[in-house]
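The report that follows should be read alongside the sequence and the coordinates.

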Amino acid sequence: MATIEEKIYNEDNIDVTTCKCPNCKGTSYFDPKTQKMKCEYCGSIFDMPKTEVNFVIERNLSELISRGSVWNEAEVYRCESCGAKQIIENQNVAHVCAFCGTKNIVKTEELPGLKPQGVVPFKIDKEKAGQLAIKYVKKKFYAPKKFKQSAKAENLHGIYNPVFTFDAYTTSFYKGQLGKNYVTYRYVDGRRIADQRTRYFYIGGTQDEHFDDLLVQASSNISMDVIRQLEPFPTGNAIEYRPEYLLGYSASTYNKEGEDCWQECQRLMKERIERAILKKYDYDVKVSLNIQTNFSNQTYKYILVPIYVGHYTYKNKLYNFFVNGFNGRVAGKTPVSRGKVFFTVLIVLLIIVAFVLLGYLL
Ligand SMILES: [Zn+2]
Ligand SMILES: [Zn+2]
């Protein structure tokens, strides 16, 4: 808001416990543009109390099993309409569900679980996120023209989404059999006939891989698929969690335990190890591949990453979209124009028919 005079305050005149505006005692929120606190009412900008910033230290995986500190100062709210669970630090704000837009949210007795070690603060503001969401629609080829022209970013909310990231060193011993295709020729009545054959060979050895900050989604409010589309999040630069970051935002609770996320992460690592092994060989068929992997120096971080959630409305239906609050990447579903899909299928079919006819003619 350009009309409001922005005053700069320093630490001395700030109420540390509530982070109220030192000028008018109004409610403040974390402002992505200045990376400082900003008053909702008078626009004053001020530093968070105690401003030194610490980077998050990764913890040994064994601590995850024994449980870290509990996040007891935060409260969990549940949406009665869509079931999404959210953590809200600031009780003065009007509560609207970030996922479905209704005001049907109620406080629960639940605890939010593990306290996040770190947070990647919002870097782009809400206005910019809305613009990016509109730009995203314009690039969607199959979206109906009417929708592209009228799409609005509605009910836009900044949400901190919980993720676990894992590091590990791995050594894998593997054994297997691969095959490479080749072609031999024989002549029958003067005509050359090609035969495809496969030469099989055995492989074996060791493969070392190091993984750094592999991310696993811990909340079911946003799917892993969407998170992958929004990546990367600069999790390596996450800073120590402080409740002030949540002012003006909400956070999703995790509903996947750390141990389950580690299991999922191990599967991801194993997939990548297999790909790295196979990349070393020139082959066409995989007959068998047995891999034994030892993990060492496993560490984890439990952190919050910034995502804007909003929706478009088209023909009375809501379409959720998500914007990475750090790099501005957008993911989400948009309505599909049946006419455009029909014409694409038609054109593809015509091309196939043309090729078949061409084959006959030759
Ligand atoms: Zn103020
Ligand atoms: Zn809801």
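The site of the zinc ion (ligand 1) is tetrahedral, with angles of 102 to 119° among its 4 donor atoms. The model that contains this site is a predicted one. The protein donors are the SG atoms of Cys21, Cys24, Cys39 and Cys42, which lie 2.2 to 2.4 Å from the zinc ion (ligand 1), and along the sequence these donor residues follow the spacing C-x2-C-x14-C-x2-C.

The zinc ion (ligand 2) is coordinated at 2.3 Å by the SG atoms of Cys79, Cys82, Cys97 and Cys100. The arrangement is tetrahedral because the 4 donor atoms around the zinc ion (ligand 2) subtend angles of 105 to 115°. For comparison, the ideal angle for four tetrahedral donors at a metal is 109.5 degrees. The sequence spacing of the donor residues of the zinc ion (ligand 2) is C-x2-C-x14-C-x2-C. Cysteine 82 lies in the loop between β6 (75–79) and β7 (85–88), and cysteine 97 lies in the loop between β7 and β8 (105–107), so this pair ties together parts that are 15 residues apart in sequence.

The accessibility of this pair can also be stated: cysteine 82 counts as partly exposed at 39% relative accessibility, while cysteine 97 counts as buried at 0%. As for covalent links between cysteine sulfur atoms, the structure holds 0 disulfides.

## Overall form of the chain

The chain has 6 helices and 16 strands. Its C-alpha atoms fill a box of roughly 100 × 55 × 35 Å, taken along the principal axes. The radius of gyration of the chain is 27 Å, whereas a compact globule of 362 residues would have a value near 21 Å.

Buried residues make up 44% of the 362 residues in the chain. Among the contacts in the chain with a separation of 6 or more, 74% are accounted for by residues 24 or more positions apart.

## The largest nonpolar core

The largest nonpolar core has 40 residues, and those with the most contacts inside it are Trp71, Tyr160, Leu246, Tyr312 and Val323. The elements that give two or more residues to this core are β3 (36–39), α2 (126–138), β10 (154–188), β14 (285–314) and β15 (317–324). Of these, α2 gives the most to this core, with 5 residues. As a general background, nonpolar side chains in soluble globular proteins tend to be buried together.

When residues up to four places away in sequence are not counted, valine 305 touches Val120, Ile159, Tyr160, Asn161, Val163, Phe233 and Thr235. Valine 305 and proline 121 are 184 residues apart in sequence, yet their C-alpha atoms are 7.2 Å apart in space.

Threonine 253 is placed in the loop between β13 (250–252) and α5 (258–278), and it counts as buried at 8% relative accessibility. Leaving out residues up to four places away in sequence, threonine 253 touches Val76, Lys85, Ile87, Pro162 and Ser219.

## Backbone features in loops

The peptide bond from glutamate 231 to proline 232 is cis, with omega near 10°. Proline 232 is found in the loop between α4 (224–230) and β12 (239–240).

Glutamine 35 lies in the loop between β2 (28–31) and β3 and counts as partly exposed at 35% relative accessibility. Asparagine 316, although not a glycine, has a positive phi of about 65°; asparagine 316 is found in the loop between β14 and β15 and counts as exposed, at 78% relative accessibility.

Technical notes. Residues are numbered from 1 along each chain as its sequence is written. Chains are lettered from A and ligands numbered from 1 in the order in which they are written. This is a predicted model: local features need pLDDT of at least 70, side-chain atom pairs count only at pLDDT 80 or more; totals for chains, interfaces and linings use all residues. Side-chain values use heavy atoms; hydrogens and water are left out. Donors are N, O and S atoms within 2.8 Å of the metal (3.2 Å for Na, K and Ca); water is not among the atoms, so sites may look incomplete. Four donors count as tetrahedral if all angles lie between 85 and 135 degrees; four count as square planar and six as octahedral if opposite donors are over 155 degrees apart and all others between 65 and 115; anything else is irregular. A disulfide is a pair of cysteine sulfur atoms within 2.5 Å. Buried means under 20% relative accessible area, exposed over 50%, partly exposed in between (1.4 Å probe, protein chains only). A nonpolar core is a set of buried Ala, Val, Leu, Ile, Met, Phe, Trp, Tyr and Cys residues joined through side-chain atoms within 4.5 Å. Helices (H or I, at least four residues) and strands (E, at least two) are DSSP runs, numbered from the N terminus. The radius of gyration is taken over C-alpha atoms; the globule rule is 2.2 Å times the number of residues to the power 0.38. Contact means heavy atoms within 4.5 Å.
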